[in-house]
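Could you walk me through this structure in the viewer, one selection at a time? I would like to know what to click on and what I will find there.

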Amino acid sequence: MEKISVEKTASRGIAVAKVLKYLQPDLTASAGMIADGQAEEEKGKFAAAKAAVMKELEALTSKNEIFAAHLEIAGDFALQDGVEAKISDEHKNVQLALQDTIEEFAALFEVMDDDYMRERAADVRDIGKRLMAELKGVTLPDLGSIRTETIVAAKDLYPSDTVQIDPQFVKGILTEEGGVTSHVSILAKSMNIPILVGVSGILSKLTDGMTVCMDAGKGIIVTDPDDATLAEYQAAREAYEKECERLKSLRDKPAVTKEGKRIFLCANVGNAEGIKQALPMNIDGVGLFRSEFLYMENTHFPTEEEQFAVYKEAAELIPQELTIRTLDIGGDKSLSYFTFEEEENPFLGWRAIRISLDMKDMFKTQLRAILRASAYGKIRIMFPMIISVEELRQAKEITRECMRELSAEQIPYDEKIEMGMMMETPASVLLAEEFAKEADFFSIGTNDLTQYLLAVDRGNKKIADRYDYFHPAVIKAIGEIIRAGHQEGIKVGMCGEMAGDARAVPQLLKLGLDEFSMSAGSVDYVREQVLQL
């Protein structure tokens with residue numbers, strides 16, 4: 001028996017089952033160069049593989065919207081041009097050309113500082129895996145064939161592997177690679193499957209058929225447990241399942257404190273699929289729609305029509321408020337198709353609203369799309385990283401400029417759309433009273449606010465213990481923001497990680513927070529706290 005601890009966790013749940021080690025087939029490209037006369041034949045092979053994979057991805061997209069981005073990347077001309085150029089100019093066979101091109105694409109994501117975007121490299125490789133399997137005539141293993149209770153262990157899983165899983169039989173997932181914001185983690189959580197990722201060397205500690213206990217919430221794995229440990233985890237699993245059912249029974253109750261204050265529980269999402277996953281939690285709306293994902297998972301600046309379609313779908317899915325944050329790029333978030341100048345400290349550099357105000361045409365494209373979508377639901381616009389009243393006024397005036405254009409074109413939109421701002425810098429805290437006179441609402445971004453107030457890089461492992469949103473300075477700042485907002489009669493919400501931390505609920509309610517916006521998996525736990533307090 002061995003007990004293994006995992007530092008970073010992304011889900012809850014307890015699993016006890018036998019292990020299946022999931023090994024990918026060898027998809028290494030065959031070596032060899034081609035003669036000049038063979039180039040068209042190799043390009044034809046790629047075209048046939050691409051057509052087959054596109055058909056597969058279209059079927060997957062109809063089941064899960066996560067694969068819409070895969071479909072777009074697979075069909076992107078940049079991928080095709082890269083492969084064909086390596087065939088024509090470098091005389092590589094189609095398999096080598098594909099392998100090199102996929103690695104180049106993946107490398108663009110891997111150098112990004114943002115965890116979410118860095119893990120998109122796995123999505124690119126997922127597409128490459130499918131294309132290579134088609135070229136080599138290899139049948140990929142099928143996790144959907146599992147019909148006994150199993151914990152799947154793998155070096156890594158791709159989204160197309162995970163979507164095949166039947167949660168009735170796959171009770172847990174362990175991977176050596178991957179991150180907590182990967183699409184595999186997101187998919188597993190949506191299926192209520194406990195998952196622990198980035199468990200270095202776990203495959204070497206397991207054999208097929210070995211019994212394993214895992215507690216995803218605490219980040220604990222026990223291999224080959226003794227009878228007493230096995231019984232302990234089986235009992236814990238039953239208790240956890242009962243607790244989940246109890247929390248589900250609270251979903252039909254509005255979040256009202258014992259003193260009678262109505263609290264709004266909302267979800268943070270990045271796309272329409274995220275809304276669909278959050279709706280069963282009986283949310284009060286979307287407090288943060290991360291529009292940057294539409295840019296970051298694309299191969300070009302999304303057009304007005306492309307954005308309008310996404311925002312319209314989101315608005316129609318959620319009957320309550322949909323708060324769309326305008327482009328929050330820069331800092332730790334890059335674009336593969338746009339070159340940012342190298343900055344010594346990008347978190348203090350050209351990012352978020354600063355980019356939008358400087359690139360006015362791009363900003364207007366997004367604002368027009370949001371405004372058009374507001375005719376189909378209750379949309380609010382939220383501006384990130386505002387540090388001066390002048391910036392907020394400028395952003396609002398550009399929005400009004402877009403309104404005048406749409407009116408002239410006789411295109412409908414919500415003429416009373418609310419425009420608010422993120423409160424995430426020391427400047428926004430110190431100027432909270434002035435901002436409250438200009439903004440329709442506040443949303444506190446505790447991730448950046450904590451980082452900037454404490455001068456602690458939240459991505460630096462050496463000082464991770466100093467990144468603490470319970471620090472007195474952060475609590476005092478939150479209280480000041482709420483006081484200033486309420487003084488002017490505006491709603492104050494929170495969309496940072498702190499909003500989904502059940503431990504923080506008593507303090508935040510005491511300060512008067514109106515709205516908690518969080519990942520869907522945290523809603524049940526926060527609701528329970530609100531109802532008890």
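Contact here means heavy atoms within 4.5 Å. Keep in mind as you go that this is a predicted model.

**First stop: K43.** Select K43, which you will find in helix α1, residues 39-63. Is K43 buried or exposed? With a relative accessible area of 17%, K43 is buried, because buried means under 20%. Now show what surrounds the side chain: setting aside neighbours within four places in sequence, K43 is in contact with E84, I87 and S88.

**Second stop: a helix pair.** Next, select helix α2 (residues 67-74) together with helix α6 (residues 121-136). Their axes come within 10 Å and cross at roughly 60°, so α2 and α6 are oblique to each other. The crossing of α2 past α6 is right-handed. To see who makes the contact, show H70, I73 and A74 on α2, then D123, V124, D126 and I127 on α6. Colouring by class, you will find 4 nonpolar, 1 polar and 2 charged residues in this contact.

Finish by selecting helix α21, residues 523-532. How many of its 10 residues are buried? The count is 8, and α21 is thus mostly covered. Pick out the buried ones: V523, D524, Y525, V526, R527, E528, Q529 and V530. Then bring up the elements over them; the cover includes the helices α9 (227-248) and α20 (505-511), along with the strands β8 (264-269) and β15 (515-518).

Definitions and conventions:
Residues numbered from 1 in each chain as written. Predicted model: local features only at pLDDT ≥ 70, side-chain atom pairs only at ≥ 80, totals over all residues. Heavy atoms only, no water. Axes fitted to C-alpha atoms, helices over the stretch in contact; angles between N-to-C directions. Helix = DSSP H or I, 4+ residues; strand = E, 2+ residues; numbered from the N terminus. Parallel < 35°, antiparallel > 145°, perpendicular 65-115°, else oblique. Left-handed = near helix turned anticlockwise from the far one by under 90°. Nonpolar A, V, L, I, M, F, W, Y, C, P; charged D, E, K, R; others polar. Buried < 20%, exposed > 50% of the residue type's maximum accessible area, 1.4 Å probe, protein only.
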